[in-house]
Amino acid sequence: MEPDAPAPRPRVLELYSGIGGMHYALKESCIAAEVVAAVDINTVANEVYKHNFPNTCIYPKTIEGMTMDEFNKLDFDMILMSPPCQPFTRLGTQKDVLDSRIKSFLYILDLLPSLTKRPKYILLENVKGFETSVARNKLIQTLENCKYSYQEFLLSPTLLGIPNSRLRYFLIAKLQPGTLCIQTSNEVLEQFPDLDSMEASDISSFSQMLSADDNNMEGINADCCANEIKNGRDETVLYKLETIRHVKQKQSQDNNSSMQMIQDFLEEDLQDPSPYFISTKSLLRYALILDIVGQTCRRSVCFTKGYGSYVEGTGSVLKTASDVELASVFQSFETLSEDEKLTQLAKLKLRYFTPREVANLHGFPPEFSTFKKKILHCCVKLKILIYPLLVLILRWKTMKASICLFSCWWEDSH
């Protein structure tokens, strides 16, 4: 008897491909799949993508510029996509479907029902806020009309012990009659499935995670500060505009042993950090509002496209002087002259995280590379470093778990 022929590899279409975050996640999940095309209009991103995945065909064009015939010829089994997030961000325009940048996504939804062969698997990533949008409602309506099973998530790297708060929306979908190998819910889940239990019983119950997600952490911190709130002292400023509530919240995060330390994500061979030190002008202007983390901290805030060019609200900065405490620098800070302030701030040796370090915190593997350091810097500024659901999964406790959840899209048909 001849041995069975190996099952064909799923053919994957990567939309809004950026510098290849989803491709890396797919690769490291150990699922044999082929990315048949990557579509993105950003030329810098495409250069980096091509450098890391030279054998993948890149379409340097708009998605809405692709015809139905072009999509059908690709004969793909799976779509991975991360549509523009600006229409849904808290600090963005929040124009939702009225934003011209979402036109390509709506075009995909229009095409999906009419494809010669509908993809069996879909993964979508976006910002928190998408889950309450009109665009999301149109997506769900399209999936239901096209007979897909699906599950929505709101997940953060903190769930996996990565010290970066970056809550994001994810959706996985599978064309019926196939079903996801997890128990689905109409709710947007805020934790990962308990895959070990699922393997034992075929039915997934959802476990408590080792570390709280961003929302739960806020609740814990609120409880920790209950006494101060009752006494009206929670907003008492201790130093650097830090209140008792802020300090306790950060202490709670830094004491969470299930979270990795910032030092685990830093460049070990960074010989010249001088290009990343914060200018004296920026220090004087923004010192009191900087989110400063040390190497042994277990937290950092979300990095945005303005990181490195702007200071306020774009991401955490690193205190490289490990023997200097913030309280000692910022105590009575407002009473000092400018020269005295700079002298105090210089003790902290504050710098931006390097582009490689930001990539590390976004789940990119060590082999991710750029042929020009300028390219990676541009990628960070253009906010195309993404860490989709697959990246979060592959960074979870065991590779077996990552394979199990990823394969919930297609295992029953192969």
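Apart from its neighbours within four places in sequence, lysine 319 is in contact with Ile292, Val293, Gly294, Gln295, Val324, Leu326, Leu348, Lys349 and Leu350, contact being heavy atoms within 4.5 Å. The model is predicted: local features need pLDDT of at least 70, side-chain atom pairs count only at pLDDT 80 or more, and totals for chains, interfaces and linings use all residues. Residues are numbered from 1 along each chain as its sequence is written, and side-chain values use heavy atoms, with hydrogens and water left out.

Lysine 319 belongs to strand S11 (residues 317-319). Helices (H or I, at least four residues) and strands (E, at least two) are DSSP runs, numbered from the N terminus. Lysine 319 is buried and has no salt bridge; glutamate 325, the nearest side chain of opposite charge, is 5.8 Å away. Buried means under 20% relative accessible area, exposed over 50% and partly exposed in between (1.4 Å probe, protein chains only). A salt bridge is a side-chain nitrogen of Lys or Arg within 4 Å of a carboxyl oxygen of Asp or Glu. For charge, Lys and Arg count as positive and Asp and Glu as negative, while His and the chain ends are not counted.

Glutamate 357 lies in helix H13 and counts as buried, at 0% relative accessibility. Beyond its neighbours within four places in sequence, glutamate 357 is in contact with Phe265, Leu266, Glu267, Leu270 and Arg351.

| Side chain | Backbone atom | Distance |
|---|---|---|
| Lysine 319 | oxygen of alanine 321 | 3.0 Å |
| Glutamate 357 | nitrogen of glutamate 267 | 3.0 Å |
| Glutamate 357 | nitrogen of threonine 354 | 2.8 Å |
| Asparagine 42 | nitrogen of valine 44 | 3.1 Å |

In helix H2 (residues 43-52), the buried residues are Val44, Ala45, Asn46, Val48, Tyr49 and Asn52.

Tyr49 also belongs to an aromatic cluster with Tyr24, Phe53, Phe364 and Phe368. Rings of Phe, Tyr and Trp (its six-membered ring) pair if their centres lie within 6.5 Å; planes under 30 degrees apart count as stacked, over 60 as edge-to-face and the rest as tilted. The whole structure holds 13 aromatic pairs. The pair of tyrosine 24 and phenylalanine 364 is edge-to-face, because the ring centres are 6.2 Å apart and the planes stand at 75°. Tyrosine 24 in helix H1 (residues 21-28) and phenylalanine 364 in the loop between helix H13 (355-361) and helix H14 (373-381) are 340 residues apart. Tyrosine 24 is buried at 5% relative accessibility, and phenylalanine 364 is buried with a relative accessible area of 4%.

An open sheet of 7 strands has the order S3-S2-S1-S4-S5-S7-S6 and mixed pairing. Strand S3 (58-59) and strand S6 (148-155) are at the edges with a single partner strand each, so one side of each has no neighbour in the sheet. Two strands pair if DSSP finds at least two bridges between them.

Strand S4 (residues 78-81) is covered on both faces, with Met78 and Leu80 buried on one side and Ile79 and Met81 buried on the other. S4 pairs in the parallel sense with strand S1 (residues 11-15) over 4 bridges, and leucine 15 has methionine 81 as its bridge partner. S4 also pairs in the parallel sense with strand S5 (residues 121-127) over 4 bridges, where methionine 78 stands opposite tyrosine 121. S5 and strand S7 (residues 168-175) run antiparallel and are joined by 7 bridges; valine 127 stands opposite arginine 168 there.

Notes. Polar contact = N/O pair within 3.5 Å; in protein donor to acceptor, adjacent residues only side chain to side chain.
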